[in-house]
Amino acid sequence: MSVRGEIVAAARWGVRNAARIHYAESRPVPLRRALPLSTDCSGFAMLCYFLAGAPDPAGLGYIGQGYTGNFLRHLPHIPAGRGRPGDIIVWGPYPGHHCAVLLEAGDDPLIASHGSERGPLELRFSEEQQWQSPPVVWLDGLP
């Protein structure tokens, strides 16, 4: 399986285990598959990348720190809707207020979003978009 496929598989593992993945804006980011764990949206994205063996999307070498602002500074921005599975989508002006991992591309992409105690959730981009503020920035997670 490709690294992108491994990122998606890690995100789907998170969705399947949502009841044991709690929401907390805390650091260090838990970089382990052991449950239960607590993290936020950017921590969940970093965890997916870590479990897949991908480079740290925050550009910090997995020191347990980082947030959406690091993603926005470190990863290349790509045109809206041009993401590939494993890429990251960030909502809000810098430093961003929410992010999600792209699971499937398409007209209404499927994403994994961990923004509350009931997540991580698998949902369509259009569903998440209803609850988030612009702008939306698409990031190439594996440039």
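**The helix first**

So, helix α1 runs over residues 3-16, which makes 14 residues, and from its first C-alpha to its last it reaches 20 Å, close to the 20 Å expected at 1.5 Å a residue. Keep in mind that this is a predicted model.

Which residues of α1 are buried? We've got R4, I7, V8, A10, A11, W13 and G14. In general, an α-helix has 3.6 residues a turn, so residues three or four places apart point the same way. As for what covers the buried residues of α1, that includes β1 (21-23), β2 (37-39), α2 (41-52), β5 (98-104) and β6 (110-113).

Now R4, which sits in helix α1. Is R4 buried or exposed? R4 counts as buried because its relative accessible area is 13%, and the cut-off for buried is under 20%. And who is R4 touching? Setting aside its neighbours within four places in sequence, R4 is in contact with R84, P85, G86, D87, D140 and L142.

Okay, on to the backbone. Most residues other than glycine have a negative phi, and most peptide bonds are trans. In the loop between β1 and β2 you'll find P36, and the bond joining L35 and P36 is cis, with omega about 0°. Then there's P95, in the loop between β4 (88-91) and β5; Y94 and P95 are also joined by a cis peptide bond, with omega about 10°.

Last one: Y62, in the loop between α2 and α3 (68-74). Y62 isn't a glycine, yet its phi is positive, about 55°.

Methods. Residues numbered from 1 in each chain as written. Predicted model: local features only at pLDDT ≥ 70, side-chain atom pairs only at ≥ 80, totals over all residues. Heavy atoms only, no water. Helix = DSSP H or I, 4+ residues; strand = E, 2+ residues; numbered from the N terminus. Expected span 1.5 Å × (residues − 1). Buried < 20%, exposed > 50% of the residue type's maximum accessible area, 1.4 Å probe, protein only. Contact = heavy atoms within 4.5 Å.
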